[in-house]
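Dear colleague,

Please find the structure below, handed over for your records. My notes on it follow directly after.

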Amino acid sequence: MKVSKYTKKTKLDLTLTLIVNLCKLNILWIFFTILGVVVAGIYPATVAALIISRKWLLTKDYTVSVKEFYMHFKREFWSANRAGIVFTIAGLVLYLNYDIMSNAAISLPIIVPIAFYIVLFSFITTIIWFFPLYVHRDNTLLQQVRNAFILGVIKTPITLIQMISLFILFYFSLALPTMLIFFTFAISVVLWMKWGLKGILSVKFTVPVKS
């Protein structure tokens, strides 16, 4: 079937719009993360970026503005940081456990490192699914954590794809500082939300979808 010039132009416009707004999303995430002195800014900035990515994926409206990003950042600031504190503390506990195991003066039973890596994998899995669930479904923090873990286990192939794709993207971005500044996080968050929605929408939940 012959493709009209109008269709080609429309596809080109959409592609250029997406590229420009990916760049804007990346810069906004960096700016608001720094605005929150990193520690208090990274979680609400990430949630705001995921909300916008969700809008893009569900509506094909590939636009973002400072006002829109700030609105989500401000609205989710406290609740996103509350969840972030939980994950940060859990991450620190895991790091301390790893440090203790690495510097142990005696040889540890094999079951100890195995148990540690199982817990670590469960922790990463929960984080990967928690935030897409957080921006898509209404629920309590505890229920979101529980559902994120269960969903991560049920959707293990998607979980692994997310881990591998994000690792590869950040690995190659380290050699391209300009990509980190303009595109890396935005691409990561869109992929994160895309695969997250793929898993979430395939499972029936009793909690409502966020507007």
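Predicted model: local features only at pLDDT ≥ 70, side-chain atom pairs only at ≥ 80, totals over all residues.

Salt bridges

Asp 61 forms a salt bridge with Lys 55, in which the closest N and O atoms are 4.0 Å apart. Lys 55 also meets the side chain of Glu 68 in a salt bridge, at 3.0 Å from N to O. Glu 68 belongs to helix H3 (residues 66-102) and Lys 55 to helix H2 (residues 42-59), so this pair ties together parts that are 13 residues apart in sequence. Glu 68 and Lys 55 are both buried.

The search of the whole structure gives 3 salt bridges. One of them joins the side chains of Glu 76 and Arg 75, with an N to O distance of 3.3 Å. Glu 76 is buried, its relative accessible area being 8%, whereas Arg 75 counts as exposed at 51% relative accessibility. Through shared partners, salt bridges join Lys 55, Asp 61 and Glu 68 into one network.

Helix H6

Helix H6 has 18 residues (residues 156-173), which at 1.5 Å a residue should span 26 Å; the end C-alpha atoms are 26 Å apart, so the two values agree. Buried in H6 are Ile 158, Thr 159, Gln 162, Leu 166, Leu 169 and Ser 173. These residues cover an arc of only 110° around the axis, which means that they lie on the same side of H6. The cover over the buried residues of H6 includes helix H4 (111-136), helix H5 (141-154) and helix H7 (177-200). On the other side of H6, the exposed residues are Pro 157, Ile 164, Phe 167, Tyr 171 and Phe 172.

Nonpolar surface patch

Ile 106, Leu 108, Ile 110, Ile 111, Val 112, Ile 114 and Ile 118 make a nonpolar surface patch of about 670 Å². Of these, Ile 114 is found in helix H4, one of the helices that cover the buried residues of H6. Ile 114 is partly exposed, with a relative accessible area of 41%.

With kind regards

Terms used. Residues numbered from 1 in each chain as written. Heavy atoms only, no water. Helix = DSSP H or I, 4+ residues; strand = E, 2+ residues; numbered from the N terminus. Expected span 1.5 Å × (residues − 1). Buried < 20%, exposed > 50% of the residue type's maximum accessible area, 1.4 Å probe, protein only. Arc of directions from axis to C-beta. Contact = heavy atoms within 4.5 Å. Patch = residues over 30% accessible without salt bridge, like charges linked within 9 Å, V, L, I, M, F, W, Y side chains within 5 Å. Areas by Shrake-Rupley, 256 points an atom, 1.4 Å probe, with all protein chains shown as cover.
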